[in-house]
Amino acid sequence: MKKVIVTAGLALLAGCATVEPEYRMIPTGDHNVGVRFSRGNAAMVSNGPAGSVMLLPVRYNATSKMFFAVAAFNTSGQPINFGTEDVRIFLEDGQRLYVQDFNYLRHQERIKAQRDLNAAWIDAGVEGYLAYLDTEGLPDRTRHRIAYRTAAGAYAVDSATIESRLRHAISTWGRNVLQTTTIDSGATFGGYVYADQLLIPEGTHRQIVVEVNFAGAPHRFTLKLVPSGTDFPVPTDIPAVPARTVQTMQRTPETWHWTDGPPPTRADGVPVIQ
């Protein structure tokens with residue numbers, strides 16, 4: 001018995017000591033892309049015939065999804081439609097990584113909510129059964145009534161919580177995810193792009209190419225994905241982008257408050273002012 005307790009305690013300590021895997025998104029200057037840095041955070045800019053596209057990689061990513069922000073600035077004389085359908089992600093072997101648009105993310109939240117509701121039904125049944133057992137000695141009709149009320153009450157609370165969580169999740173995705181929008185001449189629009197997460201072992205790195213089609217012109221951004229415990233310096237030959245260029249594009253809710261460039265993140269140990 002003591003061995004079991006000791007083993008369980010050691011397993012618990014080992015779990016507490018486990019560091020959650022994370023990787024850095026390191027920009028490159030490939031495809032004539034310029035980069036403006038601010039305390040290590042990067043804003044990548046690509047210029048084209050109809051305007052400029054800015055990609056904001058996540059400096060430290062330890063979430064369940066790969067994500068980054070994209071913004072486009074229309075300098076043409078015509079309105080341009082722009083959305084997740086214009087973004088493609090390629091791995092180093094040419095394989096495409098599925099881009100998760102708002103419809104996909106919304107549907108996944110609905111599936112998750114349905115699974116939670118199914119589990120809530122089971123939990124409510126267990127609560128009702130336990131209530132039935134706890135009322136031993138009472139008339140059977142009374143016991144059944146108490147069990148039903150207990151189960152119904154438990155399910156009502158759980159289902160209301162699940163529905164509220166679903167509405168909040170869908171609302172959050174709706175505010176953040178890049179969705180098809182018409183950008184008028186001289187205007188900017190942007191949002192976040194999500195994809196399946198990649199598992200990258202320490203001591204290795206992966207490479208992705210994000211291709212953004214803006215008014216028929218491809219803008220390509222190459223990113224190195226490197227585990228945070230692996231030494232991999234930022235390339236030194238990347239063309240720097242002037243502040244005025246970045247500030248001109250910072251007219252979207254995701255970027256307007258970034259005065260010099262992308263802001264620090266909480267992972268940098270610097271307070272983030274929204």
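These are my notebook entries on a predicted model.

**Entry 1**

Next I took the pair formed by strand 6 and strand 12. Strand 6 covers residues 65-74 and strand 12 covers residues 188-196. They run antiparallel, and 9 bridges join them. I looked up K65 and found D196 in strand 12 as its bridge partner.

I also checked G190, which sits in strand 12. Its relative accessibility is 6%, so I list G190 as buried. Q179 is 11 residues from G190 in sequence, and the two C-alpha atoms lie 8.5 Å apart.

I followed strand 8 (residues 87-91) to strand 9. The two pair in the antiparallel sense over 2 bridges. I89 has L97 of strand 9 as its bridge partner.

**Entry 1: helix 3**

How far does helix 3 reach from its first C-alpha to its last? I read 54 Å for its 37 residues (140-176), close to the 54 Å expected at 1.5 Å a residue.

I listed its buried residues: R143, A147, A151, A154, Y155, S159, I162, L166, A169, I170 and W173. They pack against strand 6, helix 2 (102-134) and strand 12. The spacing in the list recalls a general point. An α-helix has 3.6 residues a turn, so residues three or four places apart point the same way.

**Entry 2: nonpolar cores**

Which residues have the most contacts inside the largest nonpolar core? I found I208, V210 and L225, in a core of 51 residues. Helix 3 gives the most to this core, with 7 residues. A second, separate core has 8 residues, including A43, L56, A71 and V246.

I went back to I208 and left aside its neighbours within four places in sequence. Its contacts are M66, I89, F90, L91, L198, F221, T222, L223 and L225.

**Entry 3: salt bridges**

My search of the whole structure gave 5 salt bridges. In one of them, R88 meets E211, with the closest N and O atoms 2.5 Å apart. R88 is in strand 8 and E211 in strand 13 (residues 206-214), so this pair ties together parts 123 residues apart in sequence.

Is E211 buried or exposed? At 11% relative accessibility, E211 is buried. R88, at 31%, is partly exposed.

E211 also forms a salt bridge with R220, at 3.0 Å from N to O. R220 is partly exposed, with 34% relative accessibility. Through shared partners, R88, E211 and R220 join into one network.

I noted D116 and K112 as well. Their salt bridge has its closest N and O atoms 3.3 Å apart. The two are 4 residues apart in helix 2, so about one helical turn separates them. D116 is partly exposed at 23% relative accessibility, and K112 is partly exposed at 44%.

Note on methods. Residues numbered from 1 in each chain as written. Predicted model: local features only at pLDDT ≥ 70, side-chain atom pairs only at ≥ 80, totals over all residues. Heavy atoms only, no water. Pairing = 2+ DSSP bridges. Expected span 1.5 Å × (residues − 1). Buried < 20%, exposed > 50% of the residue type's maximum accessible area, 1.4 Å probe, protein only. Contact = heavy atoms within 4.5 Å. Core = buried A, V, L, I, M, F, W, Y, C linked by side-chain atoms within 4.5 Å. Salt bridge = Lys/Arg side-chain N within 4 Å of Asp/Glu carboxyl O.
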